[in-house]
Amino acid sequence: MQKSTNSDTSVETLNPTRQGTGAVQMRIKNANSHHDRLSQSKSMILTDVGKVTEPISRHRRNLSQHVLKDVIPPLEQLMVEKEGYLQKAKIADGGKKLRKNWSTSWIVLSSRKIEFYKESKQQALSNMKTGHKPESVDLCGAHIEWAKEKSSRKNVFQITTVSGNEFLLQSDIDFIILDWFHAIKNAIDRLPKDPSSPSRNLELFKIQRSSSTELLSHYDSDIKEQKPEHRKSLMFRLHHSASDTSDKNRVKSRLKKFITRRPSLKTLQEKGLIKDQIFGSHLHTVCERENSTVPQFVKQCIEAVEKRGLDVDGIYRVSGNLATIQKLRFIVNQEEKLNLDDSQWEDIHVVTGALKMFFRELPEPLFPYSFFEQFVEAIKKQDNNTRIETIKSLVQKLPPPNRDTMKVLFGHLTKIVAKASKNLMSTQSLGIVFGPTLLRAKNETGNMAVHMVYQNQIAELMLSEYSKIFGLQED
């Protein structure tokens, strides 16, 4: 190695045999400057084919950034997993409900988030104003589910984020929406469930934005080289994390003790702390408690509807005020005296809504799970007389509470049909309303749309052939 110096600069030339073929290093230093420790170094490697590689910096900040650059891709370069047009509606923002407004959006799915554009991403980026960002959804901790009850459109699923934002996505093409659903679900499943505990990659992204000393605190093997204040900061974070884990374990232990020591449901009922419920209880349990085969609440609702609701347009189809229905439900569950002639229940749709809710919340539907497939096979029979006789035989085999409640309910619905010219509720309309409520499979493994058709047809047949099925008329 040869070395020459003067008062301003120094030049070092390394032996090529020690540095590799064609290697030359030059170091320029201002000897008079008091910033000697911040000296800049420039390296240039001349390869045999004459190509020049990137300069290799000796500065610690640059070195750390070079190391992370090879390990961590920038956020802008996250791989796009899927993109395309879908119908989108935002129905909640931070937990606050929004009016549903469908619009066509270009959806871009990456490993962590979804971005919504009004047009394809390339066009959107070229037309986008400076500083404007597309709407995005953070998938970390998000939940995805089918939401057919949220819209009259088919093929709708909902994404709910931890921040309380809710989005509906939809497409009329079955395979497209299924493909999107599974792609988003897989992306969510790969992310940590708890946003407060980011994955390794997220930690790396945070490190990339931190100061050079913090970078070294993560990746420098010699922790002694760190500044004292940064070592203290690291130790604080480690201690804080350990204390968090200890607190969580302590809470879990207390909850476990509370659950194991809590009194039984029977004890709470005997003390009057928990009263027997009407909504959400098994049909036979309610009937045994009332010493009858038809719940009193069902009789009261039917009596009220027949007194002042037979001529009401859309009876049982039109929904009542949900808050008032829940209030009625609470009063019934608290075993308070119920008077459906009270002015607070003057809207008959509240009464019909509560009756439908009672049947919908039965742990086992009015048509028991064990009879579901038998009723479906019966409705498939081509001969109408055979179909009626088979269903009549199945009805007679039902437990008394189910059979008698069914007889009272469908008898009431035949009176609704008789007034169809005024209330506009035909046999088909009532079948659509009550079919899925009264009859459903325990495990929905088949085609839901096909089952719904059978459910409606069974309810329609029970109405149209009510007298024959319940033995009120001879064949």
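A: Lys-468 is partly exposed, at a relative accessible area of 27%. Here buried means under 20% relative accessible area, exposed over 50%, and partly exposed in between, computed with a 1.4 Å probe and protein chains only. The model is a predicted one, in which local features need pLDDT of at least 70 and side-chain atom pairs count only at pLDDT 80 or more, while totals for chains, interfaces and linings use all residues. Residues are numbered from 1 along each chain as its sequence is written, and side-chain values use heavy atoms, with hydrogens and water left out.

The partner of Lys-468 is Glu-465, and the closest N and O atoms of this salt bridge are 3.8 Å apart. A salt bridge is counted when a side-chain nitrogen of Lys or Arg is within 4 Å of a carboxyl oxygen of Asp or Glu. Glu-465 counts as buried because its relative accessibility is 18%. In the whole structure, the search finds 18 salt bridges. In general, side chains of opposite charge can pair when their charged atoms come close.

A second pair is Arg-112 with Asp-138, whose side chains meet at 3.0 Å, N to O. Arg-112 belongs to the loop between E7 and E8, and Asp-138 to strand E9, so this bridge ties together parts that are 26 residues apart in sequence. Helices (H or I, at least four residues) and strands (E, at least two) are DSSP runs, numbered from the N terminus. Both partners are partly exposed: Arg-112 has 23% relative accessibility, and Asp-138 has 36%.

E7 and E8 run antiparallel and are joined by four bridges, where two strands pair if DSSP finds at least two bridges between them. A hairpin of two residues leads from E7 to E8. On its other pairing, E8 is joined by four bridges to E9 (residues 135–138), again antiparallel. Ile-114 in E8 stands opposite Leu-109, and Ile-114 also stands opposite Val-137 in E9. E8 is mostly covered, with four of its five residues buried. Charged residues also form a network of salt bridges that links Lys-88, Lys-90, Asp-93 and Glu-135.

Lys-154 and Asp-174 form a salt bridge whose closest N and O atoms are 4.0 Å apart. Lys-154 lies in the loop between E10 and E11 and Asp-174 in helix H4, so the bridge ties together parts that are 20 residues apart in sequence. Lys-154 is partly exposed at 46%, as is Asp-174 at 42%. The loop between E10 and E11 also holds Asn-155, which has a positive phi of about 60° although it is not a glycine.

In H4, the buried residues are Ile-177, Trp-180, Phe-181, Ala-183, Ile-184, Ala-187 and Ile-188. An α-helix has 3.6 residues a turn, so residues three or four places apart point the same way. What covers the buried residues of H4 includes strands E5 (80–93), E7 (103–110), E8 (113–117), E10 (143–146), E11 (156–160) and E12 (166–170).

Of its 475 residues, 34% count as buried. Among contacts (heavy atoms within 4.5 Å) between residues at least 6 apart in sequence, 59% join residues at least 24 apart. One such region involves Tyr-369, in the loop between helix H12 (348–360) and helix H13 (372–380). Leaving out residues up to four places away in sequence, Tyr-369 touches Pro-363, Glu-364, Arg-440, Ala-441 and Lys-442. The C-alpha atoms of Tyr-369 and Lys-442 are separated by 5.8 Å, although the two residues are 73 apart along the chain. Tyr-369 is partly exposed, at 22%.
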